[in-house]
Amino acid sequence: MPRLLALEWNDTEARGAVASTRAGRVALEHAFTVDLRPEQPGAEVEPADVQRRIAAACAARRLTKIGSLVAVGHGDVELRRLSLPPAPDEELPDLVRFQATREFNALGESWPLDFLSLGDDPEQPRTVLAAAASPEMVETTQSACQTAGLKLARIVLRPCATASLVCRRHPPQPVQVRLLIELLDDEADLTVTVAQRAVFLRRARLHGDPLTNADAAEALVSEARRTMVAAQNQMRGQRVDTIWLCGAAPEHVALADSIRDQFPVSLELFDPFEGLGLEGDLRRSVPEHPERFAPLVGMLSD
């Protein structure tokens, strides 16, 4: 019975989730947070301290020597939409690497590079969404896993993991265009998907939590509008027809109502724990802000 640990962290908090399979279903065994804020106001938390705190949280749950998946945010990678000549899928990696060296701001030989193809016809010009990560970011991620006694298996872009989970739970129509909104404190991931593909990704700073701050909520609406217009320009006029907001708490319901008033499209709420088999303490109580675990559950489900 394989078990996997999914992790992500930022300057203030780390989140972890552990899952295994039960009769073909994903069973979530743990979902936890780790406070990464400095003990003294104004101080900075050193990377080594972050790694020690994550390691301690994993050790307390006996999560050593387990395969691990780490989600990274939009700000941790460089993203580019690349236009390529017609080519079969097997030739895309070389074409992407060649084009990326010309269009990325900084891309050395040791930088990991991955991509999503945004079209399938090898007879037509190809478009891909490419992401490159610095060796320093990869080394930091590997070091955090090694300190905790974990085996790093994958590094995944957070918005893509969330998009995968939404598409898995609520399969879209073949040409359906969705905008996924994922909140994290004072920022939001805004991801446009067409059918099963994430085709346009943005991160927006909001200077406040839109769940509790009216100005931040208004800023989120503006960022959603900008995202929809920018994606429409890239998709030759295709329009977003559904908005999905990650979260199902009363605060999300209220925010969803205010967003609905601004856009002539349907809006749905999404609970990442819905439909999962919950084990142990999770059966009685899920963590605060369960919506923030969407990318972790998405990686584990994949």
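**Exercise 1. How many residues of strand 12 (residues 242-246) are buried?**

Before we start: this is a predicted model, where local features need pLDDT of at least 70, side-chain atom pairs count only at pLDDT 80 or more, and totals for chains, interfaces and linings use all residues. Residues are numbered from 1 along each chain as its sequence is written, and side-chain values use heavy atoms, with hydrogens and water left out.

Step 1. Strands (E, at least two residues) and helices (H or I, at least four) are DSSP runs, numbered from the N terminus. Buried means under 20% relative accessible area, exposed means over 50%, and partly exposed is in between (1.4 Å probe, protein chains only).

Step 2. Now count: five of the five residues in strand 12 are buried, so by that cut-off the strand is mostly covered.

Step 3. Look at the directions. T242, W244 and C246 point one way, while I243 and L245 point the other way. In general, side chains of a regular strand alternate between the two faces of the sheet.

**Exercise 2. Find the partners of strand 12, and say in which sense they pair.**

Step 1. Two strands pair if DSSP finds at least two bridges between them.

Step 2. Strand 9 (residues 177-184) pairs with strand 12 in the parallel sense, over four bridges. Here L179 stands opposite I243, and R178 stands opposite T242.

Step 3. Strand 13 (residues 266-270) also pairs with strand 12 in the parallel sense, over five bridges. I243 has L267 as its bridge partner in strand 13.

Step 4. Trace the chain: it goes from strand 12 through helix 6 (residues 250-260) to strand 13, a right-handed β-α-β crossover. Right-handed means that, with the strands pointing away from the viewer, the path from the first strand over the helix to the second runs clockwise.

**Exercise 3. Which residues touch the most other members of the largest nonpolar core?**

Step 1. A nonpolar core is a set of buried Ala, Val, Leu, Ile, Met, Phe, Trp, Tyr and Cys residues joined through side-chain atoms within 4.5 Å.

Step 2. This core has 59 residues, and L5, L179, I181, V192, L220, I243 and I259 touch the most other members. Helix 5 gives the largest share, six residues.

Step 3. Zoom in on I259: not counting residues up to four places away in sequence, I259 touches I181, L220, V221, I243 and L267.

Technical notes
Contact = heavy atoms within 4.5 Å.
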